[in-house]
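Visitor: Hello! I am new to protein structures and would like to learn how to read one. Could you walk me through it?

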Amino acid sequence: MVEWRITDGLTAYAEALAWQETRVAAISAGEADECVWLLEHDALLTAGTSARPADLLDPDRFPVHQVGRGGQYTYHGPGQRIAYAMMDLTRRGRDVRAYVHSLEEWVIRALAEYGVKGERRADRVGVWVVRPDRPPLPDGSPAEDKIAAIGVRVRRWVAFHGVAINVEPDLSHFQAIIPCGVRDYGVTSLVDLGIPVGMHDFDIALRAAFDEVIGKIG
């Protein structure tokens with residue numbers, strides 16, 4: 001069984017992190033079911049274990065939270081759907097790379113419901129959208145924007161943190177950082193791509209895609 005929680009309004013980051021820590025411990029002890037928690041945060045930055053100080057371009061603009069997940073700097077804020085997935089990897093193969101791959105596939109399938117072709121890249125974690133409407137990069141490759149970030153932490157083979165999908169955030173807020181340490185690419189959202197989507201409508205697509213991808217593992 002996977003419990004689904006949806007919280008309206010904005011959830012404080014420290015509150016969400018503490019709740020995840022408690023739930024992960026309970027899952028590890030066999031005292032609670034796995035859980036997916038959908039929410040939004042206030043505007044803030046998180047620094048993963050690989051975050052580089054040089055990538056924090058405007059340190060005074062938003063609160064910065066040091067966290068134990070993998071990855072670098074990530075922005076969270078209103079209009080971005082956060083999906084915290086607390087999953088027992090013991091029953092899902094104990095393969096962290098395969099699990100991250102499944103998170104990417106989860107987002108890709110949810111985006112496909114709205115005609116958006118999300119793609120993964122071997123050298124860049126997350127989900128990307130090719131932008132043929134923009135000038136190519138200096139090396140001639142197509143311009144790409146990131147539409148979803150992924151960061152995972154695993155404790156006693158229980159994974160937590162998860163994905164952040166840009167539905168309708170203020171994209172100018174990303175200028176406070178080099179998102180995930182990737183300098184050559186921008187960020188986008190469903191609304192930026194011309195697809196007005198309500199948060200709860202997108203949640204339906206996320207739930208269906210989860211059942212297709214991660215729900216079948218284990």
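Visitor: Which residues point one way from strand 6, and which point the other way?

Guide: Please keep in mind that this is a predicted model. From strand 6, Gln-80, Ile-82, Tyr-84, Met-86 and Asp-88 point one way. Arg-81, Ala-83, Ala-85 and Met-87 point the other way. Both sets are buried, and strand 6 as a whole is mostly covered, with nine of its nine residues buried.

Visitor: How do strands hold on to one another, and which strands pair with strand 6?

Guide: Here is the general idea: strands of a sheet pair through backbone hydrogen bonds, either parallel or antiparallel. In this structure, strand 2 runs antiparallel to strand 6, and five bridges join them. Strand 10 also pairs with strand 6 in the antiparallel sense, over seven bridges. Tyr-84 is a handy landmark: Trp-37 stands opposite Tyr-84, and in strand 10 the bridge partner of Tyr-84 is Gly-162.

Visitor: What is the strand order in the open sheet of three strands?

Guide: The order is 4-3-5, with mixed pairing. Strand 4 (64-66) and strand 5 (73-76) are the edge strands, as each pairs on one side only. From one strand to the next, the twist averages 25 degrees.

Visitor: Now the inside. Which residues of the largest nonpolar core touch the most other members?

Guide: They are Trp-106, Leu-111, Leu-190 and Phe-202, out of 37 residues in that core. Several elements give two or more residues to this core, including strand 2 (34-41), strand 6 (80-88), strand 9 (144-155) and helix 3 (199-212). Helix 2 gives the most, with eight residues. Another core, of 15 residues, lies apart from this one and has Leu-39, Tyr-84, Met-86 and Val-158 among its members.

Visitor: Is Glu-104 buried or exposed?

Guide: Glu-104 has a relative accessible area of 6%, so it counts as buried, the cut-off being under 20%. Glu-104 lies in helix 2. Among the residues that Glu-104 touches are Arg-120, Arg-124, Val-125 and Ile-150.

Visitor: What is the volume of the largest pocket, and which residues are closest to its centre?

Guide: The volume is about 620 Å³. The pocket is lined by 34 residues, and the closest to its centre are Gly-71, Val-100, Val-125, Ile-150 and Gly-151. Elements that each supply at least two residues of the lining include strand 5, helix 2, strand 7 (119-121) and strand 8.

Definitions and conventions:
Residues numbered from 1 in each chain as written. Predicted model: local features only at pLDDT ≥ 70, side-chain atom pairs only at ≥ 80, totals over all residues. Heavy atoms only, no water. Core = buried A, V, L, I, M, F, W, Y, C linked by side-chain atoms within 4.5 Å. Buried < 20%, exposed > 50% of the residue type's maximum accessible area, 1.4 Å probe, protein only. Helix = DSSP H or I, 4+ residues; strand = E, 2+ residues; numbered from the N terminus. Pairing = 2+ DSSP bridges. Axes fitted to C-alpha atoms, helices over the stretch in contact; angles between N-to-C directions. 1 Å grid on protein atoms, 1.4 Å probe; cavity = no way out; pocket = protein on both sides within 12 Å on 5 of 7 lines; lining within 4 Å. Points joined across faces, edges and corners; volume = space filled by probe spheres on them. Contact = heavy atoms within 4.5 Å. Lists of a residue's contacts leave out its neighbours within four places in sequence.
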